[in-house]
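Please keep the sequence and the model in view while reading.

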Amino acid sequence: MKIEGKQNIWKEYQKEIAEDHFFYVRSCVRQNFFPGSEKTFLRILQYELKKDLFENPSHTTCSGIGYHTDIIPFETSMTMVARQFALMTEAGYENLVTSCITSFGLYSEVLETWHHFPELEEKTRQFLRKATGREFKKPANVSHASDIIFKFRKEIAEKSKYSLVNKDTGKPLRVVEHIGCHYSKMFPSKGIGGAEYPYVLVGMIEDWGGEVIDYPERRHCCGFGFRQYLVQANRGFSISCSKKKFDSMEPYKPDMILTNCPGCPMFLDRWQYAISEMEGKTYGENNQGIPVLTYEELAGLVLGYNPWDLGLQVHQVPAEPLLDKMGIPYDPEMKFRGADGQDLGKPEAPTTLKFYAKEV
Amino acid sequence: MSDLYDKLFEDVRFREGLKACLNCGTCTAICPAAEFYDYQPRRILDILQTRDQSQIEELLKSNTIWYCGECMSCVTRCPRGNAPGLLIQALRSLSQELGYFTESEKGRQQLAIKRTIGKWILEYGYCLYPSEILPDMHPEQGPVWEWEHKNMEAVMNRLGANYKGTGGGILRKIPEEALGEIRRIFEVTGGLSRMEKIEEFSRKKAAEMGMEMNDGKNDDYMKFIYTENSGDHTRKNED
């Protein structure tokens with residue numbers, strides 16, 4: 001087969017990602033649960049890669065969780081999205097980068113809808129004008145923050161201080177990658193590798209020295225399911241989905257789980273804790289869990305950032321087993337300290353899940 | 001053709017989501033909800049294709065339409081380009097517009113979501129807000145969240161957030177003008193009207209069930225719908 005032919009076949013699995021000048025919109029879930037990841041994204045983009053990135057303090061939730069719990073009509077969410085576009089247009093930007101996968105999916109859905117039903121774009125423009133007096137241009141490029149880290153993964157590798165290699169054995173660490181459903185299941189062409197060959201996290205893992213684990217339930221949802229977690233009576237759905245994944249990946253002995261969605265790392269982290277409390281079951285060696293990281297946290301570790309600056313202390317499943325394997329030094333005494341080193345106390349240790357790697 | 005089918009057809013997601021279903025069941029095979037609940041997306045398309053008024057009405061009043069997690073895994077696999085997940089969104093919207101959602105245990109939960117997520121969007125400009133995520137309502141969040149909750153400002157500060165601060169950054173205070181704009185967007189696009197309908201129909205249902213319902217997070221009806229699980233939803237072993 002000619003190379004051009006092969007390239008043509010894979011073309012639909014590739015994605016255009018902007019090079020610079022990003023308008024950044026934040027994620028509700030990440031700001032609540034993984035604030036260190038958003039901080040690290042900006043640190044890498046602005047200080048390591050010298051990119052221009054702008055945030056307007058007036059941007060808000062896109063309303064995505066409200067939309068997917070169905071308390072908000074599509075017209076409302078389309079207009080909320082249009083308002084973010086207006087803020088981007090007013091600031092002179094055209095490359096949107098979203099921290100959230102639910103947002104990324106919603107932006108993609110809105111743009112696709114307007115493409116097929118131009119009358120709805122016009123209606124949304126009228127709504128936005130009436131409500132806010134704002135006008136907008138559609139973005140030239142919509143990327144998820146993980147697309148950007150993927151695009152510059154080799155630059156990050158060149159600057160790396162640590163890699164995904166076990167310092168004792170010299171072997172690559174074994175990594176489970178988990179893609180957020182709304183990254184590419186709804187609109188495969190919007191994600192790197194589409195829904196069939198998602199490559200956004202695999203590319204990072206391979207370039208940073210690790211080995212990707214393929215396992216039966218690799219593409220199964222983490223179990224957020226919006227209303228299936230948010231209402232207490234439904235959480236059996238959520239924990240069952242995560243458990244199905246853990247049981248499926250366990251025989252492959254993963255050293256870590258890497259995620260690109262805001263919700264997934266929270267559920268894959270918290271449900272390991274809940275399962276350990278409910279059934280005494282843990283999925284790592286010696287009553288340890290499997291550490292679950294965001295792509296920014298992993299990029300930060302590779303770049304040699306302090307694990308407690310990245311926010312690894314707010315994980316319920318400790319990341320220390322991974323830090324030990326990668327040979328990354330850390331100070332257990334500082335783990336739960338405040339910004340000026342003040343004593344904030346410490347969380348209680350769970351019943352079964354090993355929490356304090358080194359007793360302090 | 002029925003009235004209810006016509007109403008569903010007005011929703012662009014319905015038109016996009018239902019082309020022609022050949023009943024192969026692939027959506028059901030890949031569906032995480034079908035694995036956990038007594039639920040088959042295939043069956044929903046089956047009913048919708050009949051366009052039968054009474055069957056659609058029954059569906060709109062049932063638990064069935066509330067089992068989906070909207071992960072959209074079904075979209076990746078349908079050989080006919082249907083999107084059962086989008087049909088669910090259209091069904092849930094109509095069920096709320098007509099007040100049918102209060103007829104089922106899972107549908108009634110919409111009030112709990114409206115009074116948490118819906119309230120936080122309008123009040124804070126965020127779908128979630130850390131001081132509102134209470135450890136006793138979220139035991140699964142574990143002792144680390146309890147510790148964070150106790151030390152929220154210090155932990156957020158340690159992690160580089162601008163919690164409740166002015167200017168940009170993580171968990172900044174959304175400016176009043178921006179919150180005003182969101183509210184007007186909800187007014188002109190039907191978002192507020194949807195929320196009012198959820199309240200109004202829930203109030204009727206609470207009265208019918210003889211339960212107390214006021215405006216807060218802790219009335220009897222609210223607590224009941226947030227925690228009630230009849231146990232009749234999951235697939236039985238003999239299936």
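The points below are grouped by topic.

The model is predicted: local features need pLDDT of at least 70, side-chain atom pairs count only at pLDDT 80 or more, and totals for chains, interfaces and linings use all residues. Residues are numbered from 1 along each chain as its sequence is written, while chains are lettered from A and ligands numbered from 1 in the order in which they are written. Chain B holds 15 helices and 0 strands, where helices (H or I, at least four residues) and strands (E, at least two) are DSSP runs numbered from the N terminus. Chain A contributes an open sheet of 4 strands.

**Chain B as a whole**

- The C-alpha trace of chain B spans about 55 × 35 × 35 Å along its principal axes.
- Of the 239 residues in chain B, 46% are buried; a residue is buried if 20 or more other C-beta atoms, placed from the backbone, lie within 10 Å of its own, exposed if 12 or fewer, and partly exposed in between.
- Among contacts in chain B with a separation of 6 or more, 61% are between residues 24 or more positions apart; two residues are in contact if their C-beta atoms, placed from the backbone, lie within 7 Å.

**A helix pair in chain B**

- Helix α10 (residues 110–124) of chain B and helix α14 (residues 191–208) of chain B have axes that come within 9 Å and cross at roughly 140 degrees. Axes are lines fitted to C-alpha atoms, for helices over the stretch in contact, and angles run from 0 to 180 degrees between N-to-C directions.
- α10(B) and α14(B) are therefore oblique to each other, given that angles under 35 degrees count as roughly parallel, over 145 as roughly antiparallel, 65 to 115 as roughly perpendicular and the rest as oblique.
- The crossing of α10(B) and α14(B) is left-handed, a term used if the near helix is turned anticlockwise from the far one by less than a right angle, with right-handed used if clockwise.
- On the α10(B) side the contact is made by Q110(B), L111(B), K114(B) and G118(B), and on the α14(B) side by M195(B), I198(B) and S202(B).
- These contact residues of α10(B) and α14(B) comprise 3 nonpolar, 3 polar and 1 charged. Ala, Val, Leu, Ile, Met, Phe, Trp, Tyr, Cys and Pro count as nonpolar, Asp, Glu, Lys and Arg as charged, and the others, Gly among them, as polar.

**The contact between the chains**

- Chain A gives 71 residues to the contact and chain B gives 72 residues.
- Helix α5 (residues 74–90) of chain A supplies the largest share of the chain A side, 6 residues.
- The side of chain A that touches chain B divides into 32 nonpolar, 25 polar and 14 charged residues.

**Strands of chain A**

- Strand β3 (residues 95–98) of chain A points N95(A) and V97(A) one way and L96(A) and T98(A) the other way, and all are buried.
- β3(A) pairs in the parallel sense with strand β1 (residues 22–25) of chain A over 4 bridges; strands pair if DSSP finds at least two bridges between them. In β3(A), T98(A) is the bridge partner of V25(A).
- β3(A) also pairs in the parallel sense with strand β4 (residues 141–144) of chain A over 4 bridges, and L96(A) stands opposite V142(A) in β4(A).
- The open sheet of chain A has the order β6-β5-β7-β8 with parallel pairing. Its edge strands are β6 and β8 of chain A, each pairing on one side only.
- Strand β5 (residues 174–178) of chain A runs parallel to β6(A), joined by 2 bridges, and V175(A) stands opposite V212(A) in β6(A).
- α11(A) packs on this sheet, touching β5, β6 and β7 (256–259) of chain A, and its direction makes about 160 degrees with that of β5(A).

**Individual loop residues of chain A**

- Most residues other than glycine have a negative phi.
- F226(A), in the loop between β6 (211–212) and α12 (227–230) of chain A, has a positive phi near 50 degrees. F226(A) is buried, with 24 other C-beta atoms within 10 Å.
- N286(A), in the loop between α14 (263–279) and β8 (292–294) of chain A, has a positive phi of about 50 degrees. N286(A) counts as exposed, with 7 C-beta neighbours inside 10 Å.
- G194(A) lies in the loop between α10 (181–184) and α11 (200–207) of chain A and is partly exposed, with 19 other C-beta atoms within 10 Å.
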